[in-house]
Amino acid sequence: MPSDPTSAAVLSPHLWLPFTPNRDFARQPKILAAASGVHYRDTAGRPILDGSSGLFSVAAGHGREEIVRAVATQLEQLDFAPTFYRAHPPGFEAARRLASILPEGLDRVFFVNSGSEAVDSAMKIALAYHRARGEARRTIFVSRERAYHGVNLGGLSLAGIVNNRRAFAGALPGVPLLRHTLLPGQRFVLGEPAEGAELADDLLRIIASHGAENIAAVFVEPIAGSTGVIVPPRGYLQRLREITRAHGILLVFDEVITGFGRTGQAFASQSFGVVPDLLTMAKAITNGVIPAGAVAVDRRIQQTIFDAAPEQQIEFFHGYTTGGHPVAAAAAIATLALYEREKLFERGRALAPYFLERLATLRELPVVADLRGYGLLAGVEFAPDGAPGARGYRLQQTLFDAGLHLKTTGDTAILAPPLVATPAHVDEIVSILRRVLAAERV
Ligand SMILES: Cc1ncc(COP(=O)(O)O)c(C=O)c1O
């Protein structure tokens, strides 16, 4: 390891990057060496505006002293504790704090290390619940086209991203998919589209062909995030809720991106007024500082699972060595305290109209094929240039060089600035986008 962490010598062929064209990366590496507030710095010390909160994680901005201190203090006090047959104080406190911002009744918290683990854990909780009720036949999961639920084999089976599944398809159970909710011809709708709630009736078609008595749960992201920001039509989630409830099917919201103020409330469940049975979260739970995730579970579901097992017997045979790690719990407590003290969900909600309004001005650029968004989450879709995704890949590199970090998926840029961003940061995001996109030929 070189002593200067910004030295070019940090580059080594030993590091295999995830979800990255590694060989191309080696030719034009983008290295993040430091961060504070809403900016990263590259190895030359050049500021790069963080347009995607890292990877939808750093809601409170980078370098938050309170979280750093909480992590350091926890490391000194109790660096590791198993959570099988044991517990620790920050675990209880993190769960209690989460329960206080979760939808009413959804207040039992199972900790994991990531969004992918949260999704797989939620799948198993759903199966355990039905089995506990004597409905062990309910093993089918339903998901949706253009969904992303992580990369573990459970969540991958739910996902509707073809490239992620292609190499592993044979290892995945088949999952019936609802249609996605981006209607043909629907473009430049910011906020909830007025049309399309009836797409939820797709679930009735799936029920008719598979039998409700065989279906365990429906998984949806309230807003599909990683596949390009698809906002649900008004009434769609309510309709899914009605149908799942009527047929004894659990509804799971995957809020790994939409949680923690991204949509103006603590969770999108609250923004859209629909309470699921299970809710998965990760990323901003610790402001991205320490890996963590969780499943919030309706207390009646937990009770059913507990009641089915004799006392002194494990109720749920599942868990990860580092799930609910004391340091992650301490980071979550400090993060949730920051969100509350600085009223960051309200702050994000207040900034959202300006953010969406300013982004909407990019509509006039020929390369901008669509704009979608809700809260502080937006997708800017580019007209394709040759192979699908080629322009998106090229543009995220060019934008980085122009001083803006953002995530692209295919030909869509996904913007999710930290909740602490100001209108001036929004202006800067839009101005960099405008400058770079205006140079694109269509
Ligand atoms: C909705 C959703 N679920 C699950 C995941 C997977 O989370 P992780 O990468 O922490 O495993 C993601 C990641 O972006 C996500 O957006």
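Helix 5 and helix 11 cross with a left-handed sense. This is in a predicted model, so please keep that in mind throughout. Two packed helices are described by the angle between their axes and the distance between the axes. Here helix 5, residues 115–132, and helix 11, residues 299–307, pack at about 60°, and their axes are 8 Å apart.

Which residues meet where helix 5 and helix 11 touch? From helix 5 there are I125, A128, Y129 and A132, and from helix 11 there are I301, T304 and I305. Sorted by class, that contact has six nonpolar residues, one polar residue and no charged ones.

Strands of a sheet pair through backbone hydrogen bonds, either parallel or antiparallel. Which of the two is the pairing of strand 4 with strand 11, parallel or antiparallel? Strand 4 and strand 11, residues 293–297, run antiparallel and are joined by five bridges. As a place to look, V112 is opposite G293 of strand 11.

Next, helix 9, residues 236–246. Its buried residues are Y236, L237, L240, R241, I243 and T244. What covers them includes strand 5 (140–144), strand 6, helix 8 (202–210), strand 8 (215–220), strand 9 and helix 10 (268–272). Just after helix 9, G248 has a positive phi of about 70°.

Y236 turns up again in the surroundings of T181. T181 is in the loop between strand 6 (177–178) and strand 7 (189–190). Is T181 buried or exposed? Its relative accessible area is 2%, so T181 is buried. Apart from neighbours within four places in sequence, T181 contacts R144, Q186, L199, I230, V231, P232, P233 and Y236.

Back to phi for a moment. Most residues other than glycine have a negative phi, and most peptide bonds are trans. F56 has a positive phi, near 65°, and is not a glycine. Q312 is another non-glycine with a positive phi, about 65°. Where do they sit? F56 is in helix 2, residues 53–56, while Q312 is in the loop between helix 11 and helix 12 (326–341). F56 is buried at 3% relative accessible area, whereas Q312 is exposed at 85%.

Last, H425, in helix 15, residues 423–438. H425 has 18% relative accessibility, and the cut-off for buried is under 20%, so H425 counts as buried. Which residues does H425 contact, leaving aside neighbours within four places in sequence? They are V38, H39 and L49. The C-alpha atoms of H425 and G51 are separated by 9.0 Å, although the two residues are 374 residues apart along the chain.

Key
Residues numbered from 1 in each chain as written. Predicted model: local features only at pLDDT ≥ 70, side-chain atom pairs only at ≥ 80, totals over all residues. Heavy atoms only, no water. Helix = DSSP H or I, 4+ residues; strand = E, 2+ residues; numbered from the N terminus. Buried < 20%, exposed > 50% of the residue type's maximum accessible area, 1.4 Å probe, protein only. Contact = heavy atoms within 4.5 Å. Axes fitted to C-alpha atoms, helices over the stretch in contact; angles between N-to-C directions. Left-handed = near helix turned anticlockwise from the far one by under 90°. Nonpolar A, V, L, I, M, F, W, Y, C, P; charged D, E, K, R; others polar. Pairing = 2+ DSSP bridges.
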